[in-house]
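This report goes through a structure for a reader who has not seen it before. Please keep the sequence and the model at hand.

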Amino acid sequence: MALIVLVLAVGIFSLSRYPLTMHTPQLEQHIPAICPVRTDPDSLSVYGRDWSTLYPARPSGIAFPETIEQVIALVHWANQQQMALVPSGGRTGLSGGATASQGELVVSFERMNQILNFDPVAASITCQPGVITQTLQDYAAERGWYYPVDFAARGSSQIGGNIATNAGGINVIRYGLTRNWISGLKVVTGRGELLDLNKGLIKNATGYDLRHLFIGSEGTLGFIVEATVQLTRPPQQPRVLVLAVPELADVMAVFTAFRQHLELSAFELFTANCMRHVVARGVPQPFAVSSDYYLLIEFESASDEPMDTALQLFEQLLEQGKVIDGVASESEAQAQALWQLREDITEATAVYQPYKNDIAVPVGQIVPFLQAANDLLSREYPDYEVLWFGHIGDGNLHIGVLKPAELDSSEFAQRCAAVTEQLAQLLAQFNGSISAEHGVGLTKKAYLSYTRSATEINYLRTLKQVFDPNGILNPGKIFD
Amino acid sequence: MKVMVPIKRVIDYNVNIRVKTDGSGVETANVKMSMNPFDEIAVEQAIRLKEAGQAEDIIAVSIGVAKCQETLRTALAMGADRAILVQTETPTEPLAVAKLLKALVAQEQPQLVILGKQAIDDDCNQTGQMLAALLGWAQGTFISALNLDGQTLEVTREVDGGLETLRLPAPAVLTVDLRLNQPRYASLPNIMKAKRKPLTTLTPDDLGVDISPRLTTLKVAEPPQRQAGIKVSSVAELVDKLRNEAKVIS
Ligand SMILES: Cc1cc2nc3c(=O)[nH]c(=O)nc-3n(C[C@H](O)[C@H](O)[C@H](O)COP(=O)(O)OP(=O)(O)OC[C@H]3O[C@@H](n4cnc5c(N)ncnc54)[C@H](O)[C@@H]3O)c2cc1C
Ligand SMILES: Cc1cc2nc3c(=O)[nH]c(=O)nc-3n(C[C@H](O)[C@H](O)[C@H](O)COP(=O)(O)OP(=O)(O)OC[C@H]3O[C@@H](n4cnc5c(N)ncnc54)[C@H](O)[C@@H]3O)c2cc1C
């Protein structure tokens, strides 16, 4: 308790850069007239941050709007009071986007969690932003449809958060990012104005498509208060292979061979130590052999043909020595157990408070980049355990650096930040990105200029100014 | 020792079962089919016996439609040596299956038949026991551990009161429970090899067994929908509801 009080006090003293004039007691006077609010220490620490661990949770309170009108009222109030607002979804974000360390008011969407409409002809669902991703997926599945954006945080993340981060995940290679599936968006801008964007239209050639500005804006331009998402036909009998690949250099040869002959719905990489952490949690070990790299490949197999093709490809790659073993799922349960090898990595290693990089390079540059990155990381982190895993078919790799137990968190973070600086320089040489899908938030802000030019960042700032002139929406995220 | 492993092709455990609108059965068109999960455990156990040098020939057997070949190929890819399909379009009931298996045992002369304790589609839990009775063999059902010492089998069974250990002489029929082992994945090299392993197809007539159904299905219906949960606002209210509505405490 004493600790939390202290944390709050620090929060209030360190606000100088942010337009905050309120503190807790006044919040409790004002907000209840608009919507429910909480200021108890437990809630402050829970709602004050996402999955990233680098920044403290120090909000002033949490507002729980239940209607669009209430969101508008909150924004008007915040503009009058110069109060910073932090939009908050499922808080599964990995970049500190939903973190409130500066006494901001968190705006949680968990009570705006209704599915409003299902349209089987348009193949779309209209819903509130607080609907959990998995709830949306299940709702579609029950009706014979499929919402294809999917990743391990599905059980907690919200569709509003997915839109605000333009979430990617495990099926991007086949279905693209969240952006591809949003046909309508209602947003409340930083000025407190409600915009009804694109209204579920597939075609709408009427000038600038503002919808796409808000998708991926990490809560800095407006609140997402309603969305229409498109659905597609469910995949038929997905089959999962896991292949053992000894050499990094061969990973993309396997990719090219498979992608040329099969419609892939996933192509994922993970290293031997990732597998070790997940197997230690009780997930069945698929191989007798061990290998430095593993690939998980998924495709539909309603007929025998795709699997026959996959076996032929495997045989060729085996002869060439590019793969040394492989397994295939024979049932849904096995498909899920194989997916656990990849999807449980983040949770299995969370206890080591990993420092995370989420980088992308053009798919064709993956191998030379990985070789250069491997040199860099083994030179700079000789004594840390480094995990590599990710959506390699999209050119996206997650790098997790595990904190040695005895090392102080902030010292660890400092060392990793210094290495990230070098990694960002390397990425710039490869036309890569310092954040592939997790967003910039707080954790990648310092490196933005390695991916976006100064001129570009100027335009971003100008856009922010247009939608949020008083800077009340998620200030300090993406850029200062 | 020769080991026979009967396996059944069933609707995949993870598929949401839908009842046909006319109530005549469950929907199977375009539905993912897989090996009965208990049978995977039986296959795995047979392979482990072989790997331990205690079994030399593993015969996987399936009774049903032509597509059961796929399921047999999975068993072959896991490590069975050869496979027999008794092909029939007739729905298979436990007694008919037990009779067919008895005929196959006479033909193949295994010393051990390892089955799943039940199939997850009809949940009958009868075939192994019926087969043991027809053969007049010892039976160890729902086993969670197996020790083979020459011709003597020691099995552990999960029973209501705890664990029961039985010793039985071969030849014997075993039915396996979930905790016996963790079945392996079929490796891609083994899936390829399995394509070349022998798979023989017979018919019930070849074995001289009449499998006409003895049961008539009157109607298949969905189980009642689960009621949604409710939230209570206090412990007192919870206790009150447990006592007066659910009547689970007094
Ligand atoms: C185990 C695990 C695996 C993951 N795998 C993936 C992956 O494969 N691909 C991927 O892309 N991400 C992944 N993530 C990251 C994360 O799940 C996604 O970024 C997700 O989209 C965040 O959704 P959320 O509701 O939790 O958002 P939050 O973390 O609550 O917020 C994310 C950002 O969106 C803003 N925001 C939230 N709701 C709104 C709203 N209604 N209006 C405006 N702004 C809003 C927040 O301010 C913040 O900037 C993973 C996370 C975990 C923990
Ligand atoms: C028979 C016929 C069938 C058609 N069918 C379709 C159809 O099915 N679907 C469809 O979408 N359209 C259709 N169109 C419309 C038209 O072909 C498209 O809009 C096409 O994309 C225009 O390309 P253009 O090079 O002719 O552009 P232009 O007509 O030259 O210019 C179109 C616009 O783009 C701007 N512009 C052109 N080049 C540049 C540049 N390099 N940088 C910035 N701005 C630029 C121009 O200022 C103008 O505003 C059809 C037209 C015809 C005549």
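## Overall form of chain A

With 480 residues, a compact globule would have a radius of gyration near 23 Å, and the 23 Å of chain A agrees with that. The radius is taken over C-alpha atoms, and the globule rule is 2.2 Å times the number of residues to the power 0.38. Along the principal axes, the C-alpha atoms of chain A fill a box of roughly 70 × 55 × 45 Å.

This is a predicted model: local features need pLDDT of at least 70, side-chain atom pairs count only at pLDDT 80 or more, and totals for chains, interfaces and linings use all residues. Residues are numbered from 1 along each chain as its sequence is written, while chains are lettered from A and ligands numbered from 1 in the order in which they are written.

Chain A has 17 helices and 16 strands (DSSP runs, H or I of at least four residues and E of at least two, numbered from the N terminus).

## Around ligand 1

The shell around ligand 1 holds 39 residues, the closest being Gly89(A), Gly93(A), Gly97(A), Gly160(A) and Gly161(A); a residue is included if its C-beta atom, placed from the backbone, lies within 6 Å. Two or more residues each come from β3 (85-88), α6 (159-165), β9 (222-230) and α13 (345-348) of chain A. α6(A) gives the most, five residues.

## Pairing between chains

β13(A) and strand β11 (residues 186-187) of chain B pair in the antiparallel sense over two bridges, where pairing requires at least two DSSP bridges. Ala328(A) stands opposite Ala186(B) in β11(B).
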